[in-house]
Amino acid sequence: MCLAVPAKIVKLNGNDAIVEIEGVRRQSNVSLIQAPKIGDYVLLHAGFAIQKWSEADVQEFNEIMATIQM
Amino acid sequence: MKNDIIKEMLSLAGTIGRPVKLMEVCGTHTMAAFRTGLRSLLPENVSLLSGPGCPVCVTPNDFLDLAIAIAEEPDVVITTFGDMLKVPGSRMSLEHAKARGADVRVVYSPLDALNMAKEQPGKKIVFLGVGFETTAPTVAWTIKEALQSGVANYSVLCAHKTIPEAMLALPAGGDLRIDGFMCPGHVSVIIGAKAYEPICARHHIPCVIAGFEAADMARAITMILRQIAGSQAKVEIEYTRSVTMEGNVTAQDLCSEVFEKSDAQWRGLGTIPDSGLKIRDKYAAHDAQKTFPEIKPTPSASEHGCICGDILRGVKLPADCPLFGRKCTPSSPIGACMVSSEGTCAAYFKYTRRDKKK
Amino acid sequence: MKNTTANNNEIVLMGHGGGGLLTKKIIEEIILQELNNPILAQLDDSACITLPQKDIAFTTDSYVIDPIFFPGADIGKLAVCGTVNDLAMQGAEPKYMSLALIIEEGLPISDFRKIIHSIKETSSAAGVAIVTGDTKVIERRKNRSALSHKNDSQHEQEGGLFINTTGIGLRLPKVDVAVSNARPGDAVIVTGSIGDHGMAVLNLREGLRLESKLTSDVAPLWDMISRVLEKIPGIHCLRDPTRGGVAAALCDIAEASSCGITVTESSLPVKNSVRGACDLLGLEPIAVANEGKAIVICSDNDKNEVLRIIRSHPLGQDACIIGNITAEPAGIVLMKTRTGGERIIDVPTGEALPRIC
């Protein structure tokens, strides 16, 4: 279950954030993650950030996507 | 890198030799495996069964009946995730109820339902709280916020369910003929990998938490095969970019604050002890079960003849079911395995059609 | 556009459909003002037209899109394009159209004017004349969930609009396109990026509050299609992948032609914003509606020339070959996925809605 996608925080105001995925922006809630910052990549589920990715996590994701051809 | 994964998967499968049945617990894995064509890449002796992990599909008739009864009350707006619309109740689905005049609206997030309540104080906004541990904290947040900000016209009809209890209960109804669990990635973001330790201990089979890209799933299957080949059974995380041992403690705390454990009914599996979440009394003002006290849930007539439970456990095939393809079809589903467009029965239905055409 | 009505707050009333003076006013001051031509101006019970040939295409369609204005177009442009494109997909040059308007009371007259103006612009561009029509007004509908999430209470007050159009087109000689004409070995071409219309409208209709560049692709296709057919009349199939998207259109072709179709996932042209919105909502671009795209199926020999002609047209710059027709499995559409796997593409079951799992 549970569709969640990586998105980038582009605006932040308390618990409210604007996150972006492929140029599409959506208002979201970041109260479930610790110390959100602009530029962070988060995992977005039903309008909530449920996890923050470190830079290494983002890189691992990019590697997975780049080598998708199996 | 990916070729290496596939190569290792094939070689491990060869070493193991016997048929290996794995279960992906999570509906989104089922969906992703289907969309990416992963199944067609698996070694011949490795099969992937779809488990009970689609919260929409396992939502039972009586919850839908209750939601529809509430929808018929004056000034009520039912808000829901889009995939709930087609799930059958004992009399009709929400899609039918909407066509008959009920005000049913699809939202992307429970936040949207809460905002709707703020914007339309004259309406009673009821959100259908369906989902596992990933979704539960998001709904918990809106309930807490509604109480704190005094949004009196927002309530949640709660049918949240928890995965580990369902995984523990799986063999209770009969044999569990599976050799490994591919555990849900996003549920695990919240509950943490440690939550699977009792399951691993109970069933003595590998539990690997997987991400949702094809490469993630292939890597997780390889990790399971590696454990099987080495006669191991432990909890491992493939989806390390999102999942930790402890999980998201903020979200866990929020859930325990708003919800408490309860028994829950699963379509196809029956009642599983402690596998549900109900809203605590402190938040009763936002619990639709309590704000519409005159509407009583009617015990649902069981889906007579449906063998969903056995199919979910991997002991029977859709073709063994008397309803399959007759009373139960993708356009008029009865059991959870047909409700999900990628459920075991729906997939069999599709592939049978293809084979007939061949 | 001339504005003969001083009051901008004017709305459509039941009386505008009563057949009396108000009806006459709306027809003369708005509809005829924009859409005037000698045949329509007769205002007779039927339009009398003379066609230069016997071989015609004849189509009808109704437009119930809500909201009636959306990024990139409105219901008026959609209605003209929809009908013109249905004719084009039979290899027919659009000539005449009817226009039946069913207006919900409360629709602002200014909105009505905008839509009629848009119908005029689109029909002139597409070379089709609107020669007969009808106007009816209906009472307000309740529970228009379409507008449910909008903050502005003003929209809650507004009435909507339905349009039915029928079109007549002249089929080009020597052209024999049909959904049942695909043959093994043929190439499958799509004339541009997919899913644009569906995602733009879904975002607005369901109040998903996505901020994006999502824009409908509504466009009349005859100009582009006619260039292809003039050069290569032996095209096998043309289909506009509207509701149900490319998935439904390909399933129709596979079924009607009793052949298989294999598409390659990595070759599907999808805009980033459409992909992003689809990922967020759990949808697939291949199953999302288009209103300005065509699927063109032609022989392997013709494919490069067809692609060149399409790409030289402003509406076809992103065209590409997305797959090919196979003998087996008959009636089934398969997709080669990015990972090198294979899956079945099915007819989408119903409306595309955001999903949670």
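**Close-up views of a predicted model**

Among the contacts in chain A between residues at least 6 apart in sequence, 32% join residues at least 24 apart; two residues are in contact if their C-beta atoms, placed from the backbone, lie within 7 Å. This is a predicted model, in which local features need pLDDT of at least 70 and side-chain atom pairs count only at pLDDT 80 or more, while totals for chains, interfaces and linings use all residues. Residues are numbered from 1 along each chain as its sequence is written, and chains are lettered from A and ligands numbered from 1 in the order in which they are written.

**View 1. Chain A has one helix and five strands.** Helices (H or I, at least four residues) and strands (E, at least two) are DSSP runs, numbered from the N terminus. The radius of gyration, taken over C-alpha atoms, is 12 Å for chain A, close to the 11 Å that the globule rule gives for 70 residues, so chain A is as compact as a globular protein of that length. That rule is 2.2 Å times the number of residues to the power 0.38.

**View 2. A:Ile50 sits in strand S5 (residues 48-53) of chain A.** Is A:Ile50 buried or exposed? A:Ile50 is buried, because 26 other C-beta atoms lie within 10 Å. A residue counts as buried with 20 or more such atoms within 10 Å of its own C-beta, as exposed with 12 or fewer, and as partly exposed in between. Leaving out residues up to four places away in sequence, A:Ile50 touches residues including A:Leu32, A:Leu43, B:Val189 and B:Ile190.

**View 3. Chain A meets chain C through 15 residues from chain A and 19 residues from chain C.** On the chain A side, the largest share, four residues, comes from strand S3 (residues 24-29). Two bridges join S3 of chain A to strand S8 (residues 210-211) of chain C, and these strands run antiparallel; strands pair if DSSP finds at least two bridges between them. Look for A:Arg25, whose bridge partner in S8 of chain C is C:Glu211.

**View 4. The largest nonpolar core has 260 residues.** Such a core is a set of buried Ala, Val, Leu, Ile, Met, Phe, Trp, Tyr and Cys residues joined through C-beta atoms within 7 Å. Helix H10 (residues 214-229) of chain B gives the largest share, ten residues. Among the residues with the most contacts inside this core is B:Met182, and the contacts of B:Met182 beyond four places in sequence include B:Leu22, B:Met217 and B:Ile221.
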